[in-house]
Amino acid sequence: MTTALITGSTAGIGAAFARRLAADGHNLVLVARDTKRLREQATELHDRHGIEAEVLTADLATDDGIAAVEQRLRDPKAPVDLLVNNAGFGNKGHYLEVPMADELKMLKVHCEAVLRLTSAATSVMRERGRGGVINVASVAAFVPRGTYGASKAWVVQFTQGAAKDLAGSGVRLMALCPGFVRTEFHQRAGMGTDNIPKWMWLDADNLVTAALSDLARGKSLSIPDPRYKALMGVVKVTPRALLGGLTSRTGRKYGPR
Ligand SMILES: NC(=O)c1ccc[n+]([C@@H]2O[C@H](COP(=O)([O-])OP(=O)(O)OC[C@H]3O[C@@H](n4cnc5c(N)ncnc54)[C@H](OP(=O)(O)O)[C@@H]3O)[C@@H](O)[C@H]2O)c1
């Protein structure tokens, strides 16, 4: 039996990964900040699928939280075969409206935690000659879209670079770039969603199915939906100056502060 560790497992995309991997018979290490919610999730997945689900409470915006997950990933007695770096959030507001402390927190969770956890996991996986890492980025990585998009651009660049460096080692790394997915993300960030067209919404379970299939095929970048594949094709050939206004506003309508 293999083991997957998922950060941000209790809601949205992370919860969809947990459901799918448990249904496929993988043991899980579930990571988030809310211990009660993690325990309920672990019990539910154990009872439904007969897998072992460990709970690891950690705030990935803190050094102690990142170190606790690094330690689990390095445990030689209970190796992790698949790491899903999924925990993430959006700040409420555009550039210069968000307190610097919140901007730095985002970089800690989206970049530093992803770097440190990927490195802890892949150093062990390389020795074992097998393993996989999925780093959840966003299509926002490809368009001028505030500090959120900038942090996700880092995730894509880092993951694809590391995938090249580890080619041939048996360890696969893939950046996953979803479009809009109905989760708790927008509500947590205080974002209105009524200006996002219906056709742009993706289903989290379908997204996970496509992502796991792309990982199995050895892709280092996954944009899992024909609609977004087509959109990103257009983005590639559109001058960045034209993209700026349109993409930075889409879906970024914040409620009252
Ligand atoms: N939804 C979208 O439209 C969309 C699109 C593209 C990319 N993404 C990316 O997909 C990933 C998952 O987002 P989602 O939409 O599923 O969000 P979500 O529904 O809000 O879930 C976020 C998860 O991350 C955990 N989390 C948040 N901050 C954390 C921290 N500091 N330390 C540890 N865990 C933390 C949350 O649990 P606790 O609060 O208990 O910690 C929760 O389990 C993110 O990286 C996001 O940027 C989302």
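Two strands are said to pair if DSSP finds at least two bridges between them. By this criterion, strand 1 (residues 3–7) and strand 2 (residues 27–32) pair, in the parallel sense and over five bridges. The model discussed here is a predicted one.

**The sheet**

- Strands of a sheet pair through backbone hydrogen bonds, in either a parallel or an antiparallel manner.
- In this model, seven strands form an open sheet with parallel pairing, and their order is 3-2-1-4-5-6-10.
- Strand 3 (53–57) and strand 10 (221–222) are the edge strands, each of which pairs on one side only.
- Helix 7 (residues 204–216) lies across strand 5 (131–136), strand 6 (171–176) and strand 10, and runs at about 145° to strand 6.

- Strand 2 is largely enclosed by the rest of the structure, because six of its six residues are buried.
- Both faces of strand 2 are covered: one side presents Asn 27, Val 29 and Val 31, the other Leu 28, Leu 30 and Ala 32, and all of these are buried.
- The largest nonpolar core contains 66 residues. The residues with the most contacts inside this core are Ile 6, Ala 18, Leu 28, Leu 30, Leu 83 and Leu 117.
- Beyond residues up to four places away in sequence, Ala 18 touches Ile 6, Ser 9, Leu 28, Leu 30, Gln 41 and Leu 45.

**The surroundings of the ligand**

- There are 30 residues around the ligand, and those that come nearest are Gly 8, Gly 12, Arg 33, Gly 88 and Phe 185.
- The shell around the ligand consists of 14 nonpolar, ten polar and six charged residues.
- Helix 1 (12–23), strand 7 (180–181) and helix 6 (185–188) each supply at least two residues of this shell.
- Helix 1 gives the most to the shell, with three residues.

- Ala 68 is situated in helix 3 (residues 63–73). Ala 68 counts as partly exposed because 17 other C-beta atoms lie within 10 Å, a number between the limits of 12 or fewer for exposed and 20 or more for buried.
- Apart from residues up to four places away in sequence, Ala 68 touches Leu 56 and Ala 58. Between Ala 68 and Thr 57, eleven residues apart in sequence, the C-alpha to C-alpha distance is 8.8 Å.
- Leu 96 belongs to the loop between strand 4 (82–85) and helix 4 (100–128). Leu 96 counts as exposed because it has 8 C-beta neighbours inside 10 Å. The phi angle of Leu 96 is near 75°, a positive value in a residue other than glycine.
- Gly 179 is placed in the loop between strand 6 and strand 7. Is Gly 179 buried or exposed? Gly 179 counts as buried, because it has 21 C-beta neighbours inside 10 Å.
- When neighbours within four places in sequence are left aside, the contacts of Gly 179 are Val 139, Met 200, Leu 202, Asp 225 and Tyr 228. Gly 179 and Arg 227 are 48 residues apart along the chain, and their C-alpha atoms are separated by 9.3 Å.

Technical notes
Residues are numbered from 1 along each chain as its sequence is written. This is a predicted model: local features need pLDDT of at least 70, side-chain atom pairs count only at pLDDT 80 or more; totals for chains, interfaces and linings use all residues. Helices (H or I, at least four residues) and strands (E, at least two) are DSSP runs, numbered from the N terminus. Two residues are in contact if their C-beta atoms, placed from the backbone, lie within 7 Å. A nonpolar core is a set of buried Ala, Val, Leu, Ile, Met, Phe, Trp, Tyr and Cys residues joined through C-beta atoms within 7 Å. A residue is near a molecule or strand if its C-beta atom, placed from the backbone, lies within 6 Å of it. Ala, Val, Leu, Ile, Met, Phe, Trp, Tyr, Cys and Pro count as nonpolar, Asp, Glu, Lys and Arg as charged, and the others, Gly among them, as polar. Axes are lines fitted to C-alpha atoms, for helices over the stretch in contact, and angles run from 0 to 180 degrees between N-to-C directions.
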